[in-house]
Amino acid sequence: MPPASVPFADLHAQYLSLKSEIDQAISAVIGESAFIRGSFVDHFEKNFKELLGIEHCISCGNGTDAIYIAMKGLGIKPGDEVITTAHSWISTSETISQAGGKVVFCDTTPDTFTIDPEQIKAKITQRTVGIIPVHLYGHPANMDPIIDIANKNNLWVVEDCAQAHLARYKSKVVGTIGTAGTFSFYPGKNLGAMGDAGAIVTQDSKLAAWCALFARHGGKGEHQIEGINSRMDGIQAAILNVKIPRLEDWTKKRQLIAKKYDEMLAGIGDIEIPKVSPDVEHVYHLYVIKTRSREAIQMKFKENNIGFSINYPKALPFYPAYSSLGHKPSDFPNAYGYQDRILSLPMFPEMTDNQQEIVVRSICNSF
Ligand SMILES: *Cc1c(COP(=O)(O)O)cnc(C)c1O
């Protein structure tokens with residue numbers, strides 16, 4: 001018998017569940033030659049801002065551009081300091097440098113993998129202009145104290161929501177709490193296109209108008225400013241339009257799968273299941289455990305053909321890209337402390353009970 005196989009995520013299962021609608025949507029875009037921006041993209045912007053209950057949505061090329069464009073719109077200048085988390089995907093910090101700013105890393109809390117508001121305070125200087133919290137893995141950052149610090153110090157807040165579509169902090173959907181929110185629709189994200197796509201959301205009309213200009217060459221016909229080319233394409237928008245009405249249901253399925261993992265993994269070896277703060281709704285883009293037996297589990301997973309991932313192998317300050325900052329492990333005791341213990345288990349809405357049991361059995365057999 002071939003070994004049982006559980007993928008880390010199963011994009012094809014999701015496609016099959018919507019095949020006729022997605023195929024039709026793609027044909028419609030081709031039928032209208034609405035390849036870049038156009039009516040499908042306009043519909044997407046409307047659907048997405050309605051989904052979040054926010055005033056403005058500016059579509060763009062990808063989630064990395066979304067962060068860059070938002071920061072440019074907020075007027076970042078060379079040498080301005082932006083505080084962000086030591087634990088994220090590099091888009092969060094590389095865009096600060098691209099926009100001319102200086103990256104200031106801040107440690108995470110020991111429990112939630114998100115930026116620690118207490119430690120933000122110590123990082124603020126005369127040059128600080130903004131904070132980028134990341135709702136990592138789908139768990140909202142602790143926004144009330146972050147907004148409070150920002151207001152007291154006249155800073156903007158850009159929420160990186162790339163992993164947290166529909167996550168809630170005290171009943172507010174993430175992306176609607178800070179000055180702006182940025183989203184990625186990379187295929188593997190909770191709301192995924194079939195290529196690159198991203199968006200910026202905000203309640204601020206002036207910021208929205210500027211971002212839209214900047215992302216589209218500074219305006220069509222009459223170039224008000226020099227911009228960049230970061231546009232959503234029609235096929236991605238049409239696919240996202242098919243998926244948006246399903247997102248809530250997929251999110252509930254992720255939460256159910258997480259709950260089952262929590263129950264099945266309780267008390268196994270030294271496994272620490274993900275902790276969830278009170279008053280937040282975690283949307284489990286990733287289900288990340290902590291364990292000192294990571295090597296053994298990875299070996300079992302490979303043996304049994306089970307997908308896994310490490311998000312991410314190092315905290316950002318310890319990659320060669322940031323060696324010039326000269327950080328030491330003791331600068332980020334939490335992010336550094338767990339970087340060798342985190343492991344992302346298979347997690348996708350279509351995951352079956354049987355698949356989950358195979359994963360858990362493999363983990364049990366690693367101890
Ligand atoms: C995926 C991701 C991004 C970037 O999105 P792309 O669409 O891949 O450019 C930014 N931040 C975080 C935390 C992400 O996970």
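Some ground rules. The model is predicted, so local features need pLDDT of at least 70 and side-chain atom pairs count only at pLDDT 80 or more, while totals for chains, interfaces and linings use all residues. Residues are numbered from 1 along each chain as its sequence is written, and side-chain values use heavy atoms, with hydrogens and water left out.

Helices are DSSP runs of H or I with at least four residues, strands are runs of E with at least two, and both are numbered from the N terminus. Two strands pair if DSSP finds at least two bridges between them.

Let's start with the sheet. It is open and has 7 strands, in the order β1-β9-β8-β5-β4-β2-β3, with mixed pairing. Which strands are at the edges? They are β1 and β3 (102-106), and each pairs on one side only. From one strand to the next, the twist averages 25°. For angles, axes are lines fitted to C-alpha atoms, for helices over the stretch in contact, and angles run from 0 to 180 degrees between N-to-C directions.

Helices lie on this sheet too. Helix α8, residues 205-215, packs on it and touches β1, β8 and β9. Its direction makes about 15° with that of β1. Touching, or contact, means heavy atoms within 4.5 Å. Helix α7, residues 143-153, lies across β4 (128-132) and β5 (156-160), at about 150° to β5.

Zoom in on β9, residues 198-202. Is it buried or exposed? All 5 of its 5 residues are buried, so the strand is largely enclosed by the rest of the structure. Buried means under 20% relative accessible area, exposed means over 50%, and partly exposed is in between, using a 1.4 Å probe and protein chains only. Gly198, Ile200 and Thr202 are on one side, with Ala199 and Val201 on the other.

What does β9 pair with? Strand β1, residues 56-60, runs antiparallel to β9 over 5 bridges. There, Ile58 stands opposite Ile200. β8 is also antiparallel to β9, with 4 bridges. Gly181 stands opposite Val201, and Ser184 is opposite Gly198.

Next, a loop. Thr176 is between β7 (172-173) and β8 (180-184). Thr176 counts as buried because its relative accessibility is 19%. Its side chain reaches the backbone oxygen of Val173 at 2.6 Å. Leaving out residues up to four places away in sequence, Thr176 touches Leu52, Ile54 and Glu159.

On to helix α4, residues 63-73. It is mostly covered, with 8 of its 11 residues buried. Among them are Ile67, Tyr68 and Ile69. Asn62 caps the N-terminal end: a side-chain oxygen lies 3.0 Å from the backbone nitrogen of Thr64. Just after α4, Gly75 takes a positive phi of about 85°.

Last stop, two packed helices. Such a pair is described by the angle between the axes and the distance between them. Here α10, residues 247-265, and α13, residues 353-364, pack at about 35°, with axes 11 Å apart. Residues of α10 including Ile257, Tyr261 and Met264 meet residues of α13, among them Val359, Val360 and Ile363. By class, the contact has 7 nonpolar, 1 polar and 3 charged residues. Nonpolar covers Ala, Val, Leu, Ile, Met, Phe, Trp, Tyr, Cys and Pro; charged covers Asp, Glu, Lys and Arg; the others, Gly among them, are polar.

How values were computed:
A polar contact is a pair of N or O atoms within 3.5 Å; within protein, one must be able to donate a hydrogen and the other to accept it, and residues adjacent in sequence count only if both atoms are side-chain atoms.
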